[in-house]
Amino acid sequence: MLAAVDEAARQQRDATPGCGPAGVTVARVAAGVVTLGLLCALAWRVADSFADPVEPLWTENDLPARVRSHDNGWVVVRDRIETTELDEATVQLLNELLDPNVAVSERRRIWAREREALLAAEARYRDAFAAAPEALRRPRFSDDCPTEIAQHGDCPALELFALTRWWAIEQLTRAHRGQLPLAIETARDSLRALLDLQASSRRLMTAVFTQLVLTLDLSLVELLVALLPPGEPVPEADALLTVLDTYEGPRVEQAYRGEYVSERAHIDMLIGETRARTNFWMVHPRACTEAHNRFHRQLVAAAMDRSQPPPIEPVPGEETPWYISNRICDLALGLLIDTSQRAEAMRSDDAVAREVVARSRSAIQARTGG
């Protein structure tokens with residue numbers, strides 16, 4: 001009786017699809033295919049995560065070399081000059097005196113009228129800028145800003161802005177004290193220093209600030225030349241021509257190279273840290289760096305040519321395989337912004353600066369008959 005029941009059960013099992021020996025084999029094959037697919041996907045994921053990033057567009061070698069500290073006046077500004085905030089009245093006075101869009105004859109009248117205010121400001125801030133002469137005595141005044149994002153605070157842009165205002169106070173005060181040749185000589189040295197800084201800019205922030213303060217310094221030079229007594233020979237003024245002739249304007253592409261190098265170093269650091277934590281599923285180096293490269297190609301094109309469209313938000317989606325989240329890359333690239341408008345600001349300041357250079361050269365040449 002039991003034997004008959006077992007035989008009936010066996011026949012029923014064999015008649016059921018997928019339950020016989022053939023069905024078991026199909027199930028095992030299917031499970032193997034799924035497992036193999038998962039293993040292949042995992043292998044591809046690991047391989048993609050550890051693939052080398054794409055070649056960088058620029059490296060540190062494409063930037064101006066950093067100058068030794070003991071030769072560099074920029075280091076003096078960074079280490080020995082504080083971000084001194086001038087009082088509101090002095091700032092307003094300097095804005096009027098250094099406004100290149102105001103006729104130099106009007107600025108000369110303001111200078112004559114505000115003699116006591118300038119003398120008081122010079123006495124008030126002299127100690128804060130005691131290191132300023134040392135900065136100009138160094139043979140170079142070269143950008144020493146690090147490209148590492150963690151050290152961006154070591155770039156003394158605000159100190160430079162304060163120093164430029166101090167130079168204006170000091171030279172305009174000297175002019176009131178009958179030391180106009182010394183004032184022009186120092187203004188020539190400060191102009192030469194800022195032109196050196198402009199040529200050596202390693203960061204976009206440095207380039208923007210340098211163009212701004214250069215325009216102010218050139219406006220100071222123009223005012224000092226206007227204060228010269230007519231017909232009296234002043235060799236220091238004639239020497240200004242050589243320095244004025246070296247003005248070339250901002251190095252826009254060079255500045256954006258520096259930004260790229262800084263960002264790429266940060267991205268590479270994040271990739272390395274992610275790999276070290278074995279979180280390989282969160283990053284795809286090639287997709288990340290290719291998206292960064294594409295963004296900067298568009299950014300530089302827009303910065304150099306105003307007719308070009310602004311860069312598209314750097315999303316690495318097209319280059320990222322479906323099985324990698326690339327979360328780390330998304331976070332890194334999400335910090336990038338369109339800075340092409342800063343190039344426009346530099347061009348605007350540059351146009352004004354070139355007008356001031358032309359006016360100053362004409363004024364000096366008119367004195368010598370050149």
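# Reading helices, salt bridges and burial

Q: What separates glutamate 253 and arginine 257 in helix H12 (residues 252-276)?
A: About one helical turn, because the two residues are four apart in H12. The general idea: an α-helix has 3.6 residues a turn, so residues three or four places apart point the same way. Helices here are DSSP runs of H or I with at least four residues, strands are E runs of at least two, and both are numbered from the N terminus. This is a predicted model, numbered from 1 along each chain as its sequence is written, with local features needing pLDDT of at least 70 and side-chain atom pairs counted only at pLDDT 80 or more.

Q: Which interaction joins the side chains of glutamate 253 and arginine 257?
A: A salt bridge, at 3.6 Å from N to O. The term requires a side-chain nitrogen of Lys or Arg within 4 Å of a carboxyl oxygen of Asp or Glu.

Q: How many salt bridges does a search of the whole structure find?
A: The search finds 28. Among them, glutamate 122 pairs with arginine 126 at 2.8 Å. Arginine 251 pairs with glutamate 248 at 3.0 Å. Arg66, Arg78, Asp79 and Asp144 are linked in a salt-bridge network.

Q: Is glutamate 122 buried or exposed?
A: Read the relative accessible area: buried is under 20%, exposed is over 50%, and partly exposed lies in between, with a 1.4 Å probe and protein chains only. Glutamate 122 has 7% and is buried.

Q: What are the relative accessible areas in the pair of arginine 251 and glutamate 248?
A: Arginine 251 is partly exposed at 22%. Glutamate 248 is exposed at 53%.

Q: How many helices and strands does the chain have, and what share of its residues is buried?
A: The chain has 15 helices and zero strands. Of its 370 residues, 46% are buried. Contacts mean heavy atoms within 4.5 Å. Among contacts with a separation of 6 or more, 84% join residues 24 or more positions apart.

Q: Which residues of helix H6 (residues 115-125) are buried?
A: Leu118, Leu119, Ala121, Glu122 and Tyr125 are buried in H6. They share the same side of the helix, because their arc around the axis is only 160°. The arc is taken from the directions from the helix axis to the C-beta atoms. These buried residues pack against helix H4 (88-97), helix H5 (104-113) and helix H8 (157-176).

Q: At what angle do helix H9 (residues 180-199) and helix H11 (residues 235-244) pack?
A: Two packed helices are described by the angle between their axes and the distance between the axes. For H9 and H11 the angle is about 10°, and the axes are 9 Å apart. H9 is therefore roughly parallel to H11. Axes are fitted to C-alpha atoms over the stretch in contact, with angles from 0 to 180 degrees between N-to-C directions. Under 35 degrees is roughly parallel, over 145 roughly antiparallel, 65 to 115 roughly perpendicular, and the rest oblique.

Q: Which residues meet where H9 contacts H11?
A: From H9 come Pro181, Ile184, Glu185, Arg188, Leu191, Arg192 and Leu195. From H11 come Glu236, Ala237, Ala239, Leu240, Val243 and Leu244. The contact residues divide into nine nonpolar, no polar and four charged. Nonpolar covers Ala, Val, Leu, Ile, Met, Phe, Trp, Tyr, Cys and Pro; charged covers Asp, Glu, Lys and Arg; the others, Gly among them, are polar.

Q: Is arginine 188 buried or exposed?
A: Arginine 188, in H9, is buried at 15%. Leaving out residues up to four places away in sequence, arginine 188 touches Ala239, Leu240 and Val243.

Q: Which residues does glutamine 198 touch?
A: Glutamine 198 also lies in H9 and is buried at 3%. Beyond residues up to four places away in sequence, glutamine 198 touches Thr210, Gln211, Leu214, Tyr247, Gly249, Pro250, Arg251 and Gln254.

Q: Where does cysteine 155 lie?
A: Cysteine 155 lies in the loop between helix H7 (132-137) and H8. The residue is buried at 9%. With residues up to four places away in sequence not counted, cysteine 155 touches Trp74, Cys145, Met205 and Thr206. Valine 75 is 80 residues from cysteine 155 in sequence, and their C-alpha atoms are 9.7 Å apart in space.

Technical notes: Heavy atoms only, no water.
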